[in-house]
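Here is a short briefing for a first look at this structure. Keep the sequence and the model side by side while reading.

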Amino acid sequence: MTPRLIRWSIWALLAVPAVVLVLGLLGTLATPAGVQALGSVLNTQSGLIGSTLAYCLATAIAGTGLGWLLAHVLAMYRTPGRRVLHALCLAPLVLPSFTFAMALIVLFGHSGLVTGRLAPGFEVYGFGGLVVAGTMARFPLAYLNLSWAYRRLDTALLEAAGELGASPGRVTRRLVVPRLGPPLLSSFLLLFGDAMADVAIPLVIGGGYPTLATRMYEAIASEGDLTAATAYALLLTVPAVVLWLLASRLGREQSNPIGTAAPRPARAPAVAGRLLQVLAWASAGLVLALLLAVLAGALSDPDGGLSTAQVWSLLHGPDTRPFAMSLVLALVAAPLAMALAFALTRAASDELGRLRRARRTLQALAALPPTVLGLGAFLALSATGTWLRDAGLEPRIVPWLAIGAILAVHLVRFTPRVALPALRSADALVPLLRDQAVLLGARPRDLTRSLVWPGVRTEIAGGGLATFADTLTAVSSVILLTNAQVPLLPVRMLADIDAGRLPAASAATLVLSGAVLIVTGVHRLWRSDLVRRRLTTVVAR
Amino acid sequence: MSALASRRSALPRRLLAAGLYVAMLAWGVTALANTSGHRSISVLCSSIEDLCRSWADGFTRQSGIDVVMVRLSTGEALARLSRPEGRREFDVWHGGPADAYVTAAERGLLAAYHSPEAGAVAPRYKDSEGRWTGVYVGVLGFCSNQLVLDRLGLAAPTSWDDLLAPELRHQVSVPNPLSSGTGYTMVWTQRARLGTDARALDYLKRLDANVLQYTNSGLAPAGIVARGEAAVSVTFSQHCLRAIDQGTSQLVVTYPREGTGFEIGSVAVLADARDPEAARRYVDYAISAEGQLTGAGAWAAQLPTRSGIDPDPRLGARADILDYTPQDAAAARQRLTDLVSSELR
């Protein structure tokens, strides 16, 4: 095989499922009924579009603000309990997105543990609760983005300003904030797009608050109206793609895979800094309270005592299948996304122009909202099922088709997210690769092993871990693809919450987060060696 | 330290990491293999989940055939079965109002089967062509939490208009008429008692101000009221009695004096069943006295459709039932759900 053929083959692995998913949508819309449905949605649902934008705007502002607050406090001040604070900032990443919505109901619902006695008239359902739950679920994305931006600040410049008499507040205003503009804006856009595609949180705590994503889900799951659902999907896709491309230009290049160490502190806080610290700890305290509410719900029995029965039934009982299916799919999807991301990185890393083209293509793919990808896979699955049926082929293939569709959605969704940081790191490798290949005559295989892999493995491994967590807890992208033979635990949790079975949903949260923590442990076992070897190399030099 | 030595020192940690990963994968695959039986049928169940499981377990005990049971609300079940891949997914549909079964039959989704057990079921509770058979009856009522009502200073509602009280703002839980058969029965009941679509829609719009959240499933409102999240719910009374029997003694069941709707919970063999013979055996079991009494052995009894079984006296004995035929409700389904979808959601 020639290098060009190899490159095309690697791209085809990602492009074929992506094209199938998108074509399914376009094929449904490019009919008279599709055009009519789109027109009807645009004409009659302006209120729906407005309410969706209001929810996304409020969540993105609050989430970015909270992410900035925590990143700032951890990066700029010596704060007691930094590791705990950092861990609490990352905790939402290992949970299904709607966990905090459920926990808010447990604590602040009409019969909540807090409001039931102290504030009986408090209303958590609707816009307010939706924004708080959405903010708690998404602020870690802004926190990671901004923590990385803080790490890139020139600390020598900040220290020099302080030594020359500038107060911490003045240093923040004059030196820090101007340099944080692009990552702040990119975080805002990232959270905005993520909120637009979300189905689960509005279903749990929306109290009837309408959003485009939930209407799309309702149109297909309850009304069986494919064309209306596709019209809603298009309305979701256009702003999401524009926002993501803006975000990419405004600093997503600086984003990093999940960090496992807290940022370094710089100075003792002044009065304003102490106030920010108090706010940061109060926010983290709310995260902790919500997590404890989930834990208590998972380990409670109907009589109010302690019981592990619900957790156990997920691990070894009648409810095992949804968890086992979710786990196996995540364990398979993560290494597949890592392998494909590395192959793409290697195929593009010979030349800067090729790297840029690859980055642009992957950014466009990453912009597709997960809900829309799920709908595309659903349409493709339906068409394939019909074709198989007409051809008289064995119907037992159908579960495998669903598994294939779920894996395809995960690959199209997460391969770009793993590959993009790796492609950024590969920038520096291009001249090295060219020199080694041209001047020293090194073989491509040796270059891959000795240059490309060591240069990008941190990004690939971190992206793989994030992929595992996201695939295990995904709802929006797979909610239309589950079936009797392929049940998924997060989707089942939504049904539990709908029916008021919060303890069962809490137990499922506990089991899912436990699985993510075990795989995080696996990741750290592997990486601790890499870190140590890198340190050894630096010392040796 | 040389690169070789460094790699050697990393080996135990990497082996441990890889071992953990493979162990998780092996556990998952083994669990999936263990839950895939030899001969099994897939049952789409639109009733109470506990009851669905009891039915499945009872059939497995009787026949030795495993049951993969999936619970979906009636509206979602109908939408799922109407899709090509959904048709091949299930063998039997069990539970949920008969009007949805009439729609499914019109779409060619149900297979005709005259079960020998159906002889004991009155003609008004079954399809003359054998495409569906009623296995229980549910009466739509109000399920209220007395503690929350006391706090609000209200009595349990006895009229549809009682649900419009300003004190009940965000305190009424009702199922989504688009996804739930119970929700559609509620809409149909308003149409039946008020006489026109416009009046029914007007009532539903006024009720909307008091609705806490539209739930996907028809039995969910009873659970929400049991937790004290809402004061009143509209649901089939057996769901409320189930919660009471589970220990939520503060719940009370009342019925509207203007009249209420009811459901004929049904069962059917699906036209594209993968194992039609096993599906027919399941339907025999569901219609049989043992199948209809399964509820009595679980949490709540449901009104039986068979003659010769004593009904639970708490279920709908005091209710004034409006005229209802599954065919009429099915004929209005598309029109009424479109109205709800465009005007209310």
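The largest nonpolar core holds 276 residues. L104(A), M216(A), Y232(A), L236(A), V92(B) and L270(B) touch the most other members. Helix α15 of chain A, residues 320–348, gives this core its largest share, 17 residues. In soluble globular proteins, nonpolar side chains tend to be buried together. This is a predicted model.

**A core residue in chain B**

- V92(B) is one of the residues that touch the most other members of the core.
- Leaving aside neighbours within four places in sequence, V92(B) is in contact with I41(B), V43(B), V267(B), V269(B), L270(B), A279(B), Y282(B) and V283(B).
- One of these contacts, L270(B), is itself among the core residues that touch the most other members.

**Where the chains meet**

- The contact between the chains takes 45 residues from chain A and 56 residues from chain B.
- Seven stretches of chain B are to be looked up here: α1 (3–34), β2 (66–71), α3 (74–81), α4 (84–87), β7 (211–215), α9 (220–226) and α13 (326–343) each supply at least two residues of the side that touches chain A.
- Which element of chain B gives the largest share of that side? It is α1(B), with 14 residues.
- By class, the side of chain B that touches chain A has 25 nonpolar, 19 polar and 12 charged residues.

**Chain B as a whole**

- The secondary structure of chain B comes to 13 helices and 10 strands.
- Its C-alpha trace spans about 85 × 50 × 40 Å along the principal axes.
- Chain B has 345 residues, and buried residues make up 55% of them.
- Take the contacts in chain B with a separation of 6 or more: 76% of them join residues 24 or more positions apart.

**Two domains in chain B**

- Domain 1 of chain B covers 40–137 + 264–312, and domain 2 covers 138–261 + 334–343.
- The C-alpha centres of the two domains of chain B lie 25 Å apart.
- Where they touch, 15 residues of domain 1 are in contact with 17 residues of domain 2.
- On the domain 1 side, α3 and β5 of chain B are the elements that give two or more residues.
- α3(B) gives the most to that side, with 3 residues.
- By class, the domain 1 side has 7 nonpolar, 7 polar and 1 charged residues.
- α3(B) also supplies at least two residues of the side of chain B that touches chain A.

- W132(B) sits in the loop between β4 (110–111) and β5 (133–145) of chain B.
- Not counting residues up to four places away in sequence, W132(B) touches A98(B), Y101(B), A105(B), L110(B), K126(B), D127(B), S266(B), V267(B) and A268(B).
- V267(B) is also a contact of V92(B).
- W132(B) and L303(B) are 171 residues apart in sequence and 17 Å apart in space, C-alpha to C-alpha.
- H170(B) lies in the loop between α6 (146–152) and β6 (172–175) of chain B.
- H170(B) is not a glycine, yet its phi is positive, about 60 degrees.
- H170(B) is buried, because 20 other C-beta atoms lie within 10 Å.

Notes
Residues are numbered from 1 along each chain as its sequence is written. Chains are lettered from A and ligands numbered from 1 in the order in which they are written. This is a predicted model: local features need pLDDT of at least 70, side-chain atom pairs count only at pLDDT 80 or more; totals for chains, interfaces and linings use all residues. Two residues are in contact if their C-beta atoms, placed from the backbone, lie within 7 Å. Helices (H or I, at least four residues) and strands (E, at least two) are DSSP runs, numbered from the N terminus. Ala, Val, Leu, Ile, Met, Phe, Trp, Tyr, Cys and Pro count as nonpolar, Asp, Glu, Lys and Arg as charged, and the others, Gly among them, as polar. A residue is buried if 20 or more other C-beta atoms lie within 10 Å of its own, exposed if 12 or fewer, and partly exposed in between; C-beta atoms are placed from the backbone. Domain bounds come from an automatic or database domain assignment. A nonpolar core is a set of buried Ala, Val, Leu, Ile, Met, Phe, Trp, Tyr and Cys residues joined through C-beta atoms within 7 Å.
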